[in-house]
Amino acid sequence: MMETSNDKLERRLYSHDLAPLPKEMDVLFKTMPDSVVRPKYTQDVVQTVRKALSTNKPIVPRGAGTWGLGGSVPVKGGIVIDMTSMDKILSIDEQNMVVTVQPGITWKSLAEVLDAKGYFLPCYPSSYPAATLGGWIGTGGTGIGAYKYGTAGDIVRDLEVVLPSGQVIHTGDKLVPQNGGGPNLNWLFVGSEGTLGIITEVTMTMFPKPEELRPVSYSFDELTKLGPALKKLVRSGVTPMHIMFSDKLHFDYLRAIGKHAPNVGCLVTCALTGPKAVVDLDEKSLDEIMTANGGKKEPKELADHEWAERSYEFRLREMGVGAIPGEILVPIDRFPAVVEGTRKIVQQLKLKVPIIGTVADQNTVMLMPYYLTDEHKLVASTAAMGFAKRLGDLAYDNGGRAVGLGIFFASNLPKYRGKEGAKLIRDIKKVIDPQEIMNPGKMVETGTRLGFSMPPVLMNFAMQMMGSVKRILPRDKIGEKELASLKDH
Ligand SMILES: Cc1cc2nc3c(=O)[nH]c(=O)nc-3n(C[C@H](O)[C@H](O)[C@H](O)COP(=O)(O)OP(=O)(O)OC[C@H]3O[C@@H](n4cnc5c(N)ncnc54)[C@H](O)[C@@H]3O)c2cc1C
């Protein structure tokens with residue numbers, strides 16, 4: 001029996017994701033769903049979609065709600081479909097090395113089962129203890145392992161999707177990739193942010209566990225100085241599974257709240273995988289590249305600790321405040337310029353912002369600057385909008401873009417894809433979802449409860465203005481007391 005809830009408290013819990021909106025935003029958005037359902041099987045999802053269709057109610061797919069752009073939050077009320085109740089492993093095909101699961105399973109649960117059988121997941125988000133497979137695919141996920149094995153679109157073989165019509169389709173072949181054989185339907189749903197259909201089953205590749213997984217860390221005295229080392233690394237033929245970095249402020253904050261964190265300046269950690277002899281050679285090459293470019297090799301214990309901490313970037317939330325990340329992709333060549341540009345924005349908006357990130361592929365760096373704030377206050381969302389807008393523009397001006405669209409960055413679609421490209425995406429949405437019930441008001445438009453969508457020009461102007469308001473507001477003081485307690489900060 002599918003669970004349904006109309007309880008007010010419960011519905012309130014589903015009216016936000018990682019970054020709650022202040023209640024002032026209720027004027028524009030009806031974030032509180034009318035009901036929450038928890039399906040167990042594909043047929044439950046079909047039934048829910050048909051009900052939404054017949055009553056003309058929005059339906060919003062939700063995983064764990066760890067994405068910060070409002071993808072799983074209603075803007076016009078309706079039904080939230082909580083997919084975490086569909087969390088079964090359906091089959092593990094060891095002969096062909098593919099696994100088929102329901103989409104609400106967390107990465108951690110799946111990884112543990114595969115680990116016991118001698119396999120591992122080629123790519124997973126650093127939010128893997130909580131995030132679901134369906135949510136990650138919905139956001140066009142990247143993450144730990146992407147540098148070597150590819151992102152969501154590369155590792156997904158097939159998706160079962162319930163369309164807004166209630167029809168069920170399969171987007172690929174379970175055992176072979178989607179090269180040729182017509183347009184790639186897997187990729188159509190990867191990154192569609194829950195606006196085209198509900199993923200009810202995922203088949204993806206798994207890999208035998210490597211003989212060796214070895215993290216190695218190098219410190220640099222300044223984040224921008226990492227640029228030349230990273231450029232050299234991506235040209236070197238050494239392919240770590242993962243490359244992640246953090247600036248000094250990130251570690252200072254952690255130490256200030258009593259966490260065990262390195263006190264070595266900025267740090268880059270690479271996770272090498274493969275046969276032991278190959279990893280030995282790779283480590284030697286990395287040592288040469290990093291030290292020739294100003295890095296200092298750190299002890300094994302430090303690298304092991306950083307690897308163990310790879311999915312706990314936001315421990316600062318334990319201070320009882322929000323940590324709101326901005327996420328951008330930029331060409332590797334622009335890394336130092338974008339770090340400098342980010343710092344300028346931080347100064348203008350009077351924020352304190354640690355910068356963490358990963359090398360997404362050999363051409364691209366993903367930067368995730370985050371700041372501490374009381375996320376329930378209007379001033380915080382003002383800062384969030386202003387900061388994210390400026391950060392996205394900075395990335396765009398440097399040949400990159402913000403990661404994801406969600407509610408607030410849908411206005412970027414025409415900028416990123418051009419007028420005609422954006423129109424094609426809107427047309428695809430219209431063909432698949434003519435009644436506009438599937439997660440409306442996101443990705444292709446910023447919809448409101450008032451029956452109109454915010455025009456992109458107005459949305460961009462409003463977000464820019466919020467940054468200007470933040471400039472005249474007092475400096476944020478969250479975390480200052482804690483930082484002051486560090487003698488060497
Ligand atoms: C600490 C931290 C680290 C993170 N690290 C990474 C990272 O390394 N890589 C990365 O890519 N992201 C990362 N993220 C962002 C986020 O955690 C991921 O995008 C995550 O995979 C989202 O999963 P979720 O289950 O929480 O999805 P939700 O937030 O619930 O949903 C995300 C989107 O997917 C849609 N959706 C959810 N389930 C389905 C479904 N079954 N069918 C169709 N659409 C669906 C929703 O409507 C929404 O638009 C991180 C976030 C945090 C807080």
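Arg-214 is found in strand 12 (residues 212-220); here helices (H or I, at least four residues) and strands (E, at least two) are DSSP runs, numbered from the N terminus. The structure is a predicted model, in which local features need pLDDT of at least 70 and side-chain atom pairs count only at pLDDT 80 or more, while totals for chains, interfaces and linings use all residues. Residues are numbered from 1 along each chain as its sequence is written, and side-chain values use heavy atoms, with hydrogens and water left out.

With a relative accessibility of 15%, Arg-214 counts as buried; the term means under 20% relative accessible area, with exposed over 50% and partly exposed in between (1.4 Å probe, protein chains only). The side chain of Arg-214 makes a polar contact with that of Glu-212, at 3.1 Å. A polar contact is a pair of N or O atoms within 3.5 Å; within protein, one must be able to donate a hydrogen and the other to accept it, and residues adjacent in sequence count only if both atoms are side-chain atoms. Apart from its neighbours within four places in sequence, Arg-214 is in contact (heavy atoms within 4.5 Å) with Cys-270, Ala-271, Leu-272, Lys-276, Val-279, Asp-280 and Glu-283.

One of these partners, Cys-270, leads to the matter of disulfides, defined as pairs of cysteine sulfur atoms within 2.5 Å. The structure holds 0 of them. For Cys-270, the closest cysteine sulfur is that of Cys-266, and at 14 Å it is too far for a bond. Cys-123 has its closest cysteine sulfur in Cys-270, and that distance of 16 Å is also too far for a bond. Cys-270 is buried at 0% relative accessibility, and Cys-123 is likewise buried at 0%.

Attention now turns to the ligand. Its shell consists of 33 residues, and the closest are Pro-61, Thr-66, Ser-127, Thr-132 and Thr-142; a residue is near a molecule if one of its heavy atoms lies within 4 Å of it. From Ser-127, an N or O atom of the side chain is 2.6 Å from a ligand oxygen. Taken alone, the ligand exposes 960 Å², of which the protein buries 95%; accessible areas come from the Shrake-Rupley method with a 1.4 Å probe. Strand 3 (59-62), helix 4 (133-138) and strand 10 (198-205) are the elements that give two or more residues to the shell, and helix 4 gives the most, with 4 residues. By class, the shell divides into 12 nonpolar, 18 polar and 3 charged residues. Ala, Val, Leu, Ile, Met, Phe, Trp, Tyr, Cys and Pro count as nonpolar, Asp, Glu, Lys and Arg as charged, and the others, Gly among them, as polar.

Strand 10 also holds Thr-205, which is buried with a relative accessible area of 9%. Not counting residues up to four places away in sequence, Thr-205 touches Met-97, Val-98, Pro-122, Ile-155 and Arg-157.

Helix 9 (residues 248-256) has 8 of its 9 residues buried, so it is largely enclosed by the rest of the structure. Among the buried residues are His-250, Asp-252 and Arg-255. The buried residues of helix 9 pack against strand 13 (242-246), strand 14 (266-274), helix 11 (300-308), strand 18 (355-361), strand 19 (364-373) and helix 16 (480-484). At the start of helix 9, a side-chain oxygen of Asp-247 reaches to within 3.4 Å of the backbone nitrogen of Leu-249, and just after the helix Gly-258 takes a positive phi of about 85°.

Asn-56 has a value of about 60° and is found in the loop between helix 2 (42-55) and strand 3, where it is partly exposed at 49% relative accessibility. Glu-193, with a phi near 55°, belongs to the loop between helix 7 (185-189) and strand 10 and is buried, with a relative accessible area of 10%.

Finally, Asn-293 sits in the loop between helix 10 (276-292) and strand 15 (296-297) and is partly exposed at 23%. The side chain of Asn-293 reaches the backbone oxygen of Ile-289 at 2.8 Å. Asn-293 and Phe-220 are 73 residues apart in sequence and 9.3 Å apart in space, C-alpha to C-alpha.
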